[in-house]
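Please consult the sequence and coordinates shown below alongside the text.

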Amino acid sequence: MGKLDPTDLKILLALIRDPRIQVGELSDSVGVARNTAQSRVRRLIRAGVLRPGGREVDLEAVGYDVVAFVTIEVSHRELDGVVAALRLIPQVLEVHEISGRGDVWCRVVATDTHNLQASLRQVLRIKGVIRTETVLALHTHIPYRTEPLISGLAKAAGS
């Protein structure tokens, strides 16, 4: 798909903020006709920007095709401040406090390696960050999923 225009981006934001939004509400919030909103959503699904179901954005399709997993060692007194600072970096998608080697684990996306390096430098400048270790994802074989778990629960509940 070509570049996303402002209307496409408003639609994506509205769907992210409220995945259960109805087409009529979506059109009102974006300021377009109902048919326009509906056709734009269909086009975004066909282009692969929205995954089937039309509520989850494929970040690779909008230019964020570098995925990295960053383990951060943190001065424990600064943990809350580090987490708060990570929340301000848009490329940081997830932050988890972990056991084992390191203290915090993040999933970070970037448009290219230069963009990733800039994000990592932001992380390293956070007060309380001692060091980081970054691993690049080369390919996603199994994307985030919940269906197998829920299917198992449904099977167990039905028997």
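## Overall architecture

The protein chain contains six helices and four strands. The model is a predicted one. In sequence order, the elements follow the pattern α-α-α-β-α-β-β-α-β-α. The radius of gyration of the protein chain is 19 Å, whereas the globule rule gives 15 Å for 159 residues; the chain is therefore more spread out than a compact globule.

Along the principal axes, the C-alpha atoms of the protein chain occupy a box of roughly 55 × 50 × 30 Å. Buried residues make up 30% of the 159 in the chain.

## Describing helix pairs

A pair of packed helices is characterised by two quantities, the angle between the axes and the distance between them. The two pairs below are treated in these terms.

## Packing of H1 and H2

Helix H1 spans residues 6-17 and helix H2 spans residues 23-30; their axes come within 10 Å and cross at roughly 130°. An angle of 65 to 115 degrees would count as roughly perpendicular and one over 145 as roughly antiparallel, so H1 and H2 are oblique to each other. The crossing of H1 past H2 is right-handed.

On the H1 side, the contact is formed by Thr7, Lys10, Ile11, Ala14 and Leu15, which meet Leu26, Ser29 and Val30 of H2. By class, the residues of this contact between H1 and H2 comprise five nonpolar, two polar and one charged.

## Packing of H2 and H3

Helix H3 covers residues 34-46 and packs against H2 at an angle of about 105°, the two axes being 8 Å apart. This angle makes H2 roughly perpendicular to H3.

Val23, Gly24, Leu26 and Ser27 of H2 are in contact with Arg34, Ala37, Gln38 and Val41 of H3. The contact of H2 with H3 divides into four nonpolar, three polar and one charged residues. Leu26 takes part in the contact with H1 and also in the contact with H3.

## Leu9 in H1

Is Leu9 buried, partly exposed or exposed? Leu9, a residue of helix H1, has a relative accessibility of 42% and therefore counts as partly exposed. The C-alpha atoms of Leu9 and Ser27 are separated by 13 Å, and the two residues are 18 apart along the chain. Ser27 itself belongs to the H2 side of the contact with H3.

How values were computed: Residues are numbered from 1 along each chain as its sequence is written. This is a predicted model: local features need pLDDT of at least 70, side-chain atom pairs count only at pLDDT 80 or more; totals for chains, interfaces and linings use all residues. Side-chain values use heavy atoms; hydrogens and water are left out. Axes are lines fitted to C-alpha atoms, for helices over the stretch in contact, and angles run from 0 to 180 degrees between N-to-C directions. Helices (H or I, at least four residues) and strands (E, at least two) are DSSP runs, numbered from the N terminus. Angles under 35 degrees count as roughly parallel, over 145 as roughly antiparallel, 65 to 115 as roughly perpendicular and the rest as oblique. A crossing is left-handed if the near helix is turned anticlockwise from the far one by less than a right angle, and right-handed if clockwise. Contact means heavy atoms within 4.5 Å. Ala, Val, Leu, Ile, Met, Phe, Trp, Tyr, Cys and Pro count as nonpolar, Asp, Glu, Lys and Arg as charged, and the others, Gly among them, as polar. The radius of gyration is taken over C-alpha atoms; the globule rule is 2.2 Å times the number of residues to the power 0.38. Buried means under 20% relative accessible area, exposed over 50%, partly exposed in between (1.4 Å probe, protein chains only).
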